[in-house]
Amino acid sequence: MNHTVKFNLNGSPVEVQVKSNEKLLDVLRDKLGVTSPKFGCGVGECGACTVLIDGLSVRSCITFAVEVEGKNVVSLEGLQADGPTKIQKAFIKNNAFQCGFCAPGFVMSATELIEKNPSPTEEEIRHALAGNLCRCTGYKNIVDAMNEVSQENKEEGR
Ligand code: FES
Ligand code: FES
């Protein structure tokens, strides 16, 4: 069965026809041209498909598209209106990624964390990013980058 779903995508209203069982990840990538969320595992375990829905990080591979009716969906594309964010700059500076496949998902989970808790401890950083898997890096540079963001925010009084 087809449904019309209306929601905000990266700040703009969109309307799209979807099937009842169609996943948000497939709709974003195949129908709306939003390709930063990646298909990694398809079962909610790797975090490569992470987007924010009303500010909360969600695995779009296990979210039905019909569930986002009326909601605000943000992908990596929606964070960069003014160029790379502080988190992205820190990831670049620390060479946090190698192949980069996991990077959009990490950035989205990190964005959720920093919105809620601008200067997290390393333990809080590791906990918040525990659902995002990376096959390349060993995570150290990712955590270093996030520690830098946390420190910077602390110095700015956030
Ligand atoms: S592709 Fe969605 S969690 Fe792995
Ligand atoms: S940089 Fe390759 S999977 Fe993370």
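## Exercises on a two-domain chain

The protein chain falls into domain 1 (2–77) and domain 2 (86–155), with bounds from an automatic or database domain assignment. This is a predicted model: local features need pLDDT of at least 70, side-chain atom pairs count only at pLDDT 80 or more, and totals for chains, interfaces and linings use all residues. Residues are numbered from 1 along each chain as its sequence is written, and chains are lettered from A and ligands numbered from 1 in the order in which they are written.

**Exercise 1.** Describe the contact between domain 1 and domain 2.

*Solution.* 
- Step 1: the C-alpha centres of domain 1 and domain 2 lie 22 Å apart.
- Step 2: domain 1 gives 14 residues to the contact and domain 2 gives 13 residues. Two residues are in contact if their C-beta atoms, placed from the backbone, lie within 7 Å.
- Step 3: on the side of domain 1 that touches domain 2, E3 and strand E4 (56–59) each supply at least two residues. The largest share, 3 residues, is that of E3. Strands (E, at least two residues) and helices (H or I, at least four) are DSSP runs, numbered from the N terminus.
- Step 4: by class, this side of domain 1 has 8 nonpolar, 5 polar and 1 charged residues. Ala, Val, Leu, Ile, Met, Phe, Trp, Tyr, Cys and Pro count as nonpolar, Asp, Glu, Lys and Arg as charged, and the others, Gly among them, as polar.

**Exercise 2.** Which residues of helix H2 (residues 86–93) are buried, and what do they pack against?

*Solution.* 
- Step 1: Ile 87, Gln 88, Ala 90 and Phe 91 are buried.
- Step 2: these residues are on the same side of H2, because they cover an arc of only 160 degrees around the axis. The arc is that of the directions from the helix axis to the C-beta atoms.
- Step 3: the buried residues of H2 pack against helix H3 (103–116) and helix H5 (140–155).

How values were computed:
Buried ≥ 20, exposed ≤ 12 C-beta atoms within 10 Å, placed from the backbone.
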